[in-house]
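Good morning. I will go through some side-chain contacts in one protein chain, so please look at the sequence and the structure first.

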Amino acid sequence: MASKQVLVAGAGLVGLCTAYSLAREGHAVTLVDKGRMGSGAARGNGGEITPLQALPMPEPALVTQLAEGVISNRHYFTIAPLALPRLTVFGVQFLRNCTTGRLKRNTAALDQLVRGAMAAFDSFHRDGISLAGGGWGYLNVHSDPEALRVYREAQIERARLLGIEEPGPILSRAELEEPLLREEVTCGYRIPTERYIDPDRFCTELHEALEEMGVNIRPHTELLSLDDTRATVRTGQGVETIGFDKAVVSTGAWLNRQLRGIPGLTFSAVTPGTGYSFHAEMDTLPRTLTMGLHRKTLIVPMSGTARVVGLMDFGFRVERFERHRMDFLREQASQFIHGLDETPISREWTGPRPMTPTGLPYISPVRSHPNIIVATGHNMHGLTLGPVTGEVVSALVSDRDPGIDMRPFALPRF
Ligand SMILES: Cc1cc2nc3c(=O)[nH]c(=O)nc-3n(C[C@H](O)[C@H](O)[C@H](O)COP(=O)(O)OP(=O)(O)OC[C@H]3O[C@@H](n4cnc5c(N)ncnc54)[C@H](O)[C@@H]3O)c2cc1C
């Protein structure tokens, strides 16, 4: 295989994994990011690698929840009313994907990637990427036994479809033997097949591995525009061009800006779905990652501390931090985890999930510019699907068949 000059723009989860896969295949990679390596939504997220639970977000039950998010800002979702006009195109397309039929079709498409997710992590791990800072297993808890039963039934069906071990039985709070759970939690069950890692460490290790492999790493280098063979970037020293055989655009929730100059592509391909996290200095950590399904809030024992993660704010501003939303996240977590309301917290963080109307990522050459490949839009699953996306993009760059039907991942057009 002939080695190609490949520019990867955006060194978040997808860009880092893609640069790694490409360098491992012998391509000459230049990796640029407008900030440091692993910015955007890459480092402060939940660290979940969850094949069983990686599903497209648009689904029938969501329509009511989204409406609630417009009315109240004390909800998992919020949509700023002022942002509604700018979100119309995205919103209409998103709602069209909330039917049972579309969900089934989109899930089947996403499962093509999901099936390769764990193997792709394993192959990174075999090379020496540690996947450390987390553990195995996933505890789903709820206040409503019937709601939990229905949720688990769907996961059993899915485990059978994917051919993986089924979730464990529903247990009472006492049987779960997790002293941190408060009284409002009545029940829960464990999923043995899911795992979690420290994404901050994962990004740092990938960065170090890329340095060792001789990748040309350029932080604080912002992609401004692209044509067939050259990218224009802005650095601290000014504007310059970088030539390439292939360019991969993995700029996450910022993607629309790069698509603006390319004729025929929609300008609202992604919408930021901002999430929040913070660290709690707890004396006792949860035994495993614990998801309060009734509060859509996650607490993760991570590298010796506890990270609390949640919320989804739709808007048009990619970078935003709302104090009251961070406080709401803490309040939500404190309702089902003992001691969180008094514990000192640190590392407050916010990051933009690159949300798409179908819930599927874009992994696709640009039709009018086949040397440019877009790889982003992984919604809530950019860590779970990062390494497998890297492998698919590497196949596309190397003119190999990626072995999956790529049509569902094509970029939207006007
Ligand atoms: C609160 C929260 C919790 C989450 N939990 C999980 C989880 O547990 N498991 C999971 O799988 N996923 C999770 N996610 C989702 C995951 O973080 C995203 O799907 C993932 O980060 C998307 O990867 P990306 O590379 O496309 O974008 P990002 O990781 O955001 O990276 C984009 C990069 O592009 C750079 N960039 C932007 N514009 C330019 C430009 N013009 N030039 C150069 N560089 C540019 C940015 O600086 C950034 O580094 C979570 C997200 C959030 C917010």
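Let me start with a question: is Arg407 buried or exposed? Arg407 is exposed, with a relative accessible area of 68%. The terms work like this: buried means under 20% relative accessible area, exposed means over 50%, and partly exposed is in between, using a 1.4 Å probe and protein chains only.

Before going on, some ground rules. This is a predicted model, in which local features need pLDDT of at least 70 and side-chain atom pairs count only at pLDDT 80 or more, while totals for chains, interfaces and linings use all residues. Residues are numbered from 1 along each chain as its sequence is written, and side-chain values use heavy atoms, with hydrogens and water left out.

Now the salt bridges. A salt bridge here is a side-chain nitrogen of Lys or Arg within 4 Å of a carboxyl oxygen of Asp or Glu. By that rule there are 20 salt bridges. Arg407 makes one with Asp405, at 3.0 Å from N to O. Asp405 is partly exposed, at 32%. Another joins Asp227 to Arg230, and the closest N and O atoms are again 3.0 Å apart. Asp227 is partly exposed, at 28%, and Arg230 is partly exposed, at 45%.

Next, Glu391 and Arg24, whose side chains meet in a salt bridge of 3.3 Å, N to O. Glu391 is in helix α10 (residues 386-397) and Arg24 in helix α1 (residues 13-24), so this pair ties together parts 367 residues apart in sequence. Helices (H or I, at least four residues) and strands (E, at least two) are DSSP runs, numbered from the N terminus.

On to the aromatic rings. Rings of Phe, Tyr and Trp (its six-membered ring) pair if their centres lie within 6.5 Å; planes under 30 degrees apart count as stacked, over 60 as edge-to-face, and the rest as tilted. The count is eight aromatic pairs. In one of them, Phe94 and Phe314 have ring centres 6.2 Å apart and planes at 70°, so the pair is edge-to-face. Phe94 is in helix α3 (residues 88-96) and Phe314 in strand β16 (residues 305-314), 220 residues apart. Both Phe94 and Phe314 are buried.

Phe121 and Phe202 have ring centres 5.8 Å apart and planes at 40°, so that pair is tilted. Phe121 is buried, as is Phe202.

Finally, ring pairs link Tyr76, Phe77, Phe90, Phe94 and Phe314 into a cluster. That is the end of my part.
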